[in-house]
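User: I would like to go through this model term by term, with each label set against its cut-off. Please start with how the elements are assigned.

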Amino acid sequence: MQRHFDRDIEDLKDLLLRMGAMVEDAITQSIRSLLERDTALAEEVIANDNRIDQMELEIDRRTLELIAKMQPAAVDLRFVAAIMKITPELERIADLAQDVCERVIELNREPPLKPMQAIPRLAQDAQTMVRQALDAFVRGDAVLARQVIAQDDNVDQQTEQSFRELLTYMLEDPRNISRAIRLTFTGKYFERMADGATNICEMVVYLVEGKMIKHAGMAPNA
Amino acid sequence: MLTTIDMERLGATATPSAASLESMNAKISVRDFDFFYGPAKVLHGISLDIPDRQVTALIGPSGCGKSTFIRSINRMNDIIPEAVAKGTIAIDGRDIYNSDTDVVSLRRRVGMVFQKSNPFPKSIYDNIAYGLRIGGMHNKRELNGVVEKSLIRAALWDEVKDRLHESAFALSGGQQQRLCIARALAVDPEVLLMDEPASALDPIATTKIEELIWDLKVNYTIVIVTHNMQQAARVSDRTAFFMLGRLVEYSDTKTIFMNPKEKMTEDYVTGRFG
Amino acid sequence: MSYARRRKIISAIAEGLCAVAVILALLPLAMILFYVIKQGFTSLNWAFFTQMPKPVGETGGGMANAIVGTLVLIAIAASVAVPIGCICGVHLAEYTDSKFSSIVRFAADVLNGVPSIVFGMFAYIIAVLPVKRFSALAGGLALGFIMIPIVVRTTEELLRLVPSGLREGALALGATRSRAVFTVILPAALPGILTGILVATARVAGETAPLLFTAFGNAFWSTSPVQPIASLTQQVFLYANSAYEDWHRQAWAGAFLLVVMILTLSIAARFAVRRLERMNRP
């Protein structure tokens with residue numbers, strides 16, 4: 001049976017995907033501004049973050065209204081719960097992109113450090129994970145979601161690797177320290193973006209399968 | 001328990017201001033409406049505006065006067081001997097309690113669907129055609145057309161198109177209620193009053209009726225009494241909360257169910273009441 | 001003894017008593033039927049239906065005129081009682097609480113208990129005396145007056161039984177009060193009202209006393225409303241009181257026929273009602 005709420009649910013999904021597209025853009029631009037040392041681009045990303053924040057508010061408002069009016073059950077309820085948990089994750093990821101850009105602006109005031117290896121790869125992986133997480137949500141693909149979650153360990157390793165790389169630069173020459181530290185932070189930001197993508201995927205699994213796999217390793221009765 | 005003075009103060013806050021009157025497209029305007037069953041006063045100074053082509057829900061505990069109020073809109077209360085109404089109810093600006101109001105034509109503009117579906121002991125076709133025939137329509141082709149249109153509008157046509165001349169009682173409960181809706185729609189009213197239309201139906205039939213209401217509001221102003229709050233939340237655009245014959249709060253449905261102004265309203269919708 | 005055991009015994013005794021009571025109540029009916037059938041059935045022949053009564057003393061003949069006479073009388077009675085009774089019943093149902101209604105209701109109840117011969121006397125005074133002639137009309141009037149209270153009360157009761165939702169539904173569609181009553185409520189009550197009419201008809205079909213000095217009886221063939229007319233009941237009365245064996249035989253046949261008629265009326269009533277009720281059953 002067709003229900004008029006089905007439209008509201010589709011609208012909410014669309015809003016989330018639009019927000020997701022804006023966040024993906026922010027990540028892409030932040031990576032570009034980092035690799036191309038583009039201060040103007042970085043400033044643009046920072047300015048756009050405002051729009052992403054507004055979207056979060058809009059989605060929250062609509063979701064609460066939907067709960068009040070529809071009293072959703074079963075998959076609809078899980079959908080609403082997923083939206084309510086994914087939206088702030090997206091907003092945090094956008095904030096992280098903003099943070100990256102702030103570091104970029106600071107880094108661009110000084111000459112570039114020796115060509116970085118680990119960070120660009122880390123950034124790409126994080127970007128891919130976020131994109132795949134959103135894909136998994138759109139398609140209701142729990143298999144893809146699980147794959148993304150599995151990649152998080154890889155990203156953590158890469159972060160560790162980039163930190164070691166930056167450490168050698170710092171030990172080499174004290175004048176590198178300030179830039180190296182800023183880059184360390186930048187690496188951390190991308191790692192946290194990947195964590196955000198993981199959280200999103202956990203909610204996708206919950207939405208599709210009804211199983212909550214968050215903190216799965218901590219179950220008291222494993 | 002609240003005193004009468006508290007209740008009166010509450011009623012005052014629910015009264016629409018002149019500004020809000022114009023901003024909404026008010027189909028029905030109620031001002032200071034009192035209602036008595038003999039010596040007993042059951043509605044106290046009700047004032048509200050019901051917007052055109054939206055669904056307005058009336059909620060409240062048993063005996064709060066919501067049914068009495070809705071039946072005043074098409075003057076069905078007239079058939080009760082000791083009933084007395086004071087104040088005004090204006091539809092499109094004309095007071096229906098004026099002495100020169102033709103009640104019969106009022107009831108054709110303002111249709112009603114009852115809690116317990118009440119199809120006539122006639123065929124499905126004759127049920128729908130009844131209102132048309134007493135209105136003077138006798139041309140077979142015209143009747144056929146309106147009957148079909150009404151049944152389509154009430155989402156019942158596909159289920160009964162092959163058995164229009166069977167008894168209305170051969171239909172299920174949910175179908176009978178949709179038949180009553182079709183019957184009310186046949187005379188082309190502007191307003192549709194529904195007094196707990198789904199309370200006697202199972203959940204699936206209820207959902208069908210709710211979706212029908214949602215579809216109908218494009219063309220009709222709908223006022224619905226319901227004791228099921230969640231139904232009011234699902235189906236209505238505006239909600240009025242009645243208690244002990246007084247209008248406690250009247251606002252957008254979203255506001256009533258997410259962030260009501262009055263504590264009494266909040267107690268009622270959260271189920272903490274009583 | 002245990003409480004449960006005592007309960008069972010008391011229950012069994014009560015059931016037994018009920019059974020005995022039923023048998024006692026049915027016994028007279030069974031005996032009447034048995035006797036009438038035994039005596040009457042054998043006396044029925046083709047002549048009974050087609051021939052006129054033979055002059056006194058001659059054997060043979062039949063009750064053709066009486067049979068037709070009864071039918072004529074019932075027709076006249078119904079055409080008087082049904083319109084008056086139904087409309088009166090409608091008024092009582094619609095204006096339930098008025099003083100006038102309570103008076104009418106009381107009058108109907110009283111009339112129900114009045115001996116039928118009184119109705120005959122009344123019809124004599126208004127329909128026989130002025131024209132100085134006995135007639136089928138007078139007899140039909142008398143029977144009609146007997147039927148009226150029954151039809152009134154039945155109609156009223158059945159109209160009251162129609163669920164109020166139907167009335168509200170009609171009014172909400174813009175029907176005036178009278179429209180609602182005549183196009184929705186009355187049709188809904190029709191099966192029951194019809195039963196009431198048939199019951200009343202069955203009752204008066206068996207009346208003798210009111211016909212004695214209104215229809216008076218007629219030895220010859222007549223179906224005219226302004227002439228005296230024979231009726232089965234009167235004929236049976238006449239023949240039973242006589243001294244002739246042959247007439248006794250015919251009286252039994254007449255009685256048997258009366259019983260069959262009333263039985264048929266009742267069964268027909270049930271059939272009609274069942275078919276109408278199929279439309280009505282929610």
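Analyst: Helices (H or I, at least four residues) and strands (E, at least two) are DSSP runs, numbered from the N terminus. This is a predicted model, in which local features need pLDDT of at least 70 and side-chain atom pairs count only at pLDDT 80 or more, while totals for chains, interfaces and linings use all residues. Residues are numbered from 1 along each chain as its sequence is written, and chains are lettered from A and ligands numbered from 1 in the order in which they are written.

User: What makes the order of elements in chain A α-α-α-α-α-α?

Analyst: Chain A has six helices and zero strands, and read from the N terminus the elements give α-α-α-α-α-α. The C-alpha atoms of chain A occupy a box of roughly 70 × 45 × 25 Å along the principal axes.

User: Why is A:Ala74 called exposed?

Analyst: A residue is buried with 20 or more other C-beta atoms within 10 Å of its own, exposed with 12 or fewer, and partly exposed in between; C-beta atoms are placed from the backbone. A:Ala74 has 8 C-beta neighbours inside 10 Å, so A:Ala74 counts as exposed. A:Ala74 belongs to helix H3 (residues 74-107) of chain A and has a positive phi of about 55 degrees, although A:Ala74 is not a glycine. Across the 222 residues of chain A, buried residues make up 36%.

User: What makes B:Arg53 partly exposed?

Analyst: B:Arg53 has 16 C-beta neighbours inside 10 Å and therefore counts as partly exposed. B:Arg53 is found in the loop between E2 and strand E3 (55-59) of chain B. The phi of B:Arg53 is also positive, near 50 degrees, in a residue other than glycine.

User: How do you know which part of chain B has pLDDT under 50?

Analyst: From pLDDT, the predictor's confidence in each residue, from 0 to 100. Chain B averages 89, and 91% of the residues score at least 70. Over residues 17-23 of chain B, however, pLDDT stays under 50, and the model has three contacts beyond four places in sequence for that stretch. Two residues are in contact if their C-beta atoms, placed from the backbone, lie within 7 Å. Where pLDDT is low, the predicted coordinates should not be read in detail.

User: Why are E2 and E5 of chain B at the edges of the sheet?

Analyst: Two strands pair if DSSP finds at least two bridges between them. In chain B, four strands form an open antiparallel sheet in the order E2-E1-E4-E5. Strand E2 (40-51) and strand E5 (94-95) each have a single partner strand, so one side of each is left without a neighbour in the sheet.

User: What makes E4 and E5 of chain B count as a pair?

Analyst: Strand E4 (residues 83-91) and E5 of chain B are joined antiparallel over two bridges, and pairing requires at least two. Helix H3 (residues 66-73) of chain B lies across strand E1 (26-37), E2 and E4, at about 60 degrees to E2(B). Such angles run from 0 to 180 degrees between N-to-C directions, and the axes are lines fitted to C-alpha atoms, for helices over the stretch in contact.

User: Which strand pairs with E6 of chain B, and in which sense?

Analyst: E6(B) pairs with strand E7 (residues 191-195) of chain B in the parallel sense, over four bridges. B:Met194 in E7(B) is the bridge partner of B:Val113. From strand E6 (residues 110-113), B:Val110 and B:Met112 point one way, B:Gly111 and B:Val113 the other way, and all are buried.

User: What makes C:Met147 stand out in the largest nonpolar core?

Analyst: A nonpolar core is a set of buried Ala, Val, Leu, Ile, Met, Phe, Trp, Tyr and Cys residues joined through C-beta atoms within 7 Å. Of the 148 residues in the largest one, C:Met147 and C:Val151 touch the most other members. Leaving aside neighbours within four places in sequence, C:Met147 contacts C:Ala77, C:Ala81, C:Gly85, C:Ala200 and C:Val204. Another core lies apart from it, with 57 residues, including A:Leu34 and A:Ile93.

User: How many residues of chain B touch chain A, and of which classes?

Analyst: 10 residues of chain B are in contact with nine residues of chain A. H11(B) gives the most to this side of chain B, with four residues. The side of chain B that touches chain A divides into four nonpolar, three polar and three charged residues. Here Ala, Val, Leu, Ile, Met, Phe, Trp, Tyr, Cys and Pro count as nonpolar, Asp, Glu, Lys and Arg as charged, and the others, Gly among them, as polar.
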